[in-house]
Amino acid sequence: MNLNQVKAGQNIKIDFIPEDLELRLFSLGLKAGDTAECIARSYLGPVVLRKKHAFNQVAITHKFAENIAVTLK
């Protein structure tokens, strides 16, 4: 399943991030293996995640989210 398929309120584990996005997301505090909660999601809009045990939120565009593999926790 990809990040675009996650609904608000669901907890996920990030399984795979494409190489071209790894550095960008790492600088925002997200990497493969992390768990996060989907705070908000809009149709064809960004997916907003909050990493477990962290206060910051990260918005990921629809285009990038379709390439990030996740599993539900």
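**View 1. Leucine 49 sits in strand S3, residues 47-51.** Strands here are DSSP runs of E with at least two residues, numbered from the N terminus. We're looking at a predicted model, where local features need pLDDT of at least 70, side-chain atom pairs count only at pLDDT 80 or more, and totals for chains, interfaces and linings use all residues. Residues are numbered from 1 along each chain as its sequence is written, and side-chain values use heavy atoms, with hydrogens and water left out. With a relative accessibility of 1%, leucine 49 counts as buried (under 20% relative accessible area, taken with a 1.4 Å probe and protein chains only). Contact here means heavy atoms within 4.5 Å.

**View 2. Five strands make an open, antiparallel sheet.** Read across, the order is S4-S3-S2-S1-S5. At the edges are S4 (57-60) and S5, each pairing on one side only. Neighbouring strands are turned by 40 degrees against each other on average, direction ignored; the axes behind that angle are lines fitted to C-alpha atoms. Two strands are called paired if DSSP finds at least two bridges between them.

**View 3. S1 meets S2 on one pairing and S5 on another.** S1 (residues 11-16) and S2 (residues 35-41) run antiparallel, with three bridges joining them. Along this pairing, asparagine 11 faces glutamate 37 of S2, while lysine 13 is opposite threonine 35 of S2. S1 also pairs with S5 (residues 69-72), again in the antiparallel sense, this time over four bridges. Here isoleucine 14 is opposite valine 70 of S5.

**View 4. Asparagine 4 lies in the segment before S1.** Its relative accessible area is 9%, so asparagine 4 is buried. The side chain of asparagine 4 gets to the backbone oxygen of histidine 62 at 3.1 Å. Besides His62, asparagine 4 is in contact with Arg41, Val47, Ala65 and Glu66, once its neighbours within four places in sequence are left aside.

Technical notes: Buried < 20%, exposed > 50% of the residue type's maximum accessible area, 1.4 Å probe, protein only. Polar contact = N/O pair within 3.5 Å; in protein donor to acceptor, adjacent residues only side chain to side chain. Axes fitted to C-alpha atoms, helices over the stretch in contact; angles between N-to-C directions.
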